[in-house]
Amino acid sequence: MYDLVVIGSGPGGYIAAIRAAQLGMKVACVERYATYGGTCLNVGCIPSKAMLESSERYHEVKHSYDDHGIEVSAVSLNLAKMLDRKNGVVEASTNGINYLFNKNGIDGLRGHGSFVDKNTIKITKDDGTSETIQAKRTIIATGSKPVSLPSITIDKDRIIDSTGALELTEVPEHLIVIGAGVIGLELGSVWARLGAKVTVLEYMPKILAGADDEVSKLAKRVFSKQGIDFVLEAKVTGAEAGADSVTVTYEDKKGETQSISGDRLLVSIGRRAYTDKLGLEAIGLETDKRGRVEVDHDFQTGVEGVYAIGDVIAGAMLAHKAEEEGVVCVEKMHGIGAHINYDAIPDVVYTEPEVASVGKTEQQLKAEGIPFKKGKFPFSANGRARALNATDGFVKILAHAETDRILGAHIIGIRAGDMIAELAVAMEFGASSEDIARSSHAHPTLAEIVKEAALGVEGRSLNI
Ligand code: FAD
Ligand code: NAI
């Protein structure tokens, strides 16, 4: 009998398993795929960042080295090698989980897990054989899968999802993307940098719908300059794949039907919680209409001893959110007081420039009637950004008008994803903008932009 069985080995599941083992529990982690690590390590965060890195370097050598006085005569793309490197990065990362399971004495069990009853999990292997294991407690960490429109079938050739967009063996001539969300922009950037014409069709009137308006506006301007075309307020209604092309139909903002053709179509309109064939009916658990499992503050479902974390429950679909939930879920079942401040979970889009945020946007604060002050500082006024030749962007800090407590921070600019960490920690500590403004930041660093934005909250930025 295991103290804990975790179903799913993504960042939520494998981290929960490790924390439970650290606390002395006898733990098993069940995974239906051949490698551990879930969406994130196999087909998500890690391979996408590997391709973003490689494509950015290629693009830089071709287009920006000249600015630095570096003359490169012949630059060519070896896409097969680039994909191999990406696969190597994935392999090293997934192997790392085998190592961590061994180190922590966790039984990694391969096969599809499903509930027989709340303490019995059946594991069905690829060859059809099965075994059952007993668990005092179970965590459902089965993650999510991409969704498509009812009228569009992902044929994995002309019409692909994010997994397909990480495996294309030829650069498309014209990649059409549905959805100007995170995947559309990250993977659209990859192929645009490698030479594809990229057109993004987006239903909303802005790109990165959840982002602060000022950030979204600048992002659109910069990505457009990079050659990505956006058609906003375009509601895609269908797509037809031919032998070597694909035609997408959409309603434009006037309600008129339009069509556009390319050679590949990436559908990136969101993801759905994944609980297929999990046997939830055997334990009397239902999902909501988005497939999600409902949990309480301890991450316990309606069934005692059955918990759920990560993409399969409500909230942002982010690897680090899943990890935090895994840790807190296990610590709480062990009697340790723990909690997650969802307002201090950062969000990063790994385009160039990166887009990073934590806490509330200006629009949310206005809608909630919370009085705030704002400090904003541009990358163009920072020496290090100029040395990097990366002056697009700004840091914006929103602090409560009376208490000065930081309520939100939004960055667009090179390495924004690393810079946001300071602001997430500040928010976790309940810091004021003055706390940041009075802290020393090394010169010359991009972090000084954060300090200057914090000074800006009181109208006293120095270098502008
Ligand atoms: P998952 O990682 O989806 O893992 C669930 C696991 O459960 C899978 O391995 C699945 O095979 C397994 N499973 C499912 N059902 C069963 C079953 N019945 N039995 C056994 N095993 C089962 N997030 C970020 O924070 N940063 C990023 O940069 C980022 N980039 C991304 C890029 C892409 C292209 C995509 C698609 C996603 C990205 N994400 C990113 C989101 C991130 O991958 C997810 O939020 C994260 O993986 C969720 O973790 P999870 O543990 O809940 O689920
Ligand atoms: P998303 O929710 O970020 O964006 C989907 C976009 O598609 C939205 O802007 C929506 O308005 C648009 N859309 C929906 N239906 C449409 C239609 N019929 N016509 C035109 N546009 C339409 O979803 P995405 O990009 O698929 O990503 C899924 C999730 O994966 C993200 O929410 C995120 O949580 C996670 N992810 C995180 C990353 C990161 O943290 N860097 C990277 C990649 C994914």
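These are my notebook entries on a predicted protein model and on one of its residues, Glu362.

**Ground rules.** I number residues from 1 along each chain as its sequence is written, letter chains from A and number ligands from 1 in the order in which they are written. Because this is a predicted model, I note that local features need pLDDT of at least 70 and side-chain atom pairs count only at pLDDT 80 or more, while totals for chains, interfaces and linings use all residues, and that side-chain values use heavy atoms, with hydrogens and water left out.

**Whole protein.** I looked up the secondary structure and found 13 helices and 22 strands, which are DSSP runs numbered from the N terminus (helices are H or I, at least four residues; strands are E, at least two). I then noted that the C-alpha trace spans about 65 × 60 × 45 Å along its principal axes. Buried residues make up 51% of the 464 residues, where buried means under 20% relative accessible area with a 1.4 Å probe, protein chains only.

**Glu362.** I found Glu362 in helix H9, which covers residues 362-367. Glu362 counts as buried because its relative accessibility is 9%. Leaving aside neighbours within four places in sequence, I listed its contacts (heavy atoms within 4.5 Å) as Asp212, Glu214, Phe372, Lys374, Lys396 and Leu398. With Lys374 I also recorded a polar contact of 3.2 Å between the two side chains; this term means a pair of N or O atoms within 3.5 Å, and within protein one must be able to donate a hydrogen and the other to accept it, while residues adjacent in sequence count only if both atoms are side-chain atoms.

Methods
Buried < 20%, exposed > 50% of the residue type's maximum accessible area, 1.4 Å probe, protein only.
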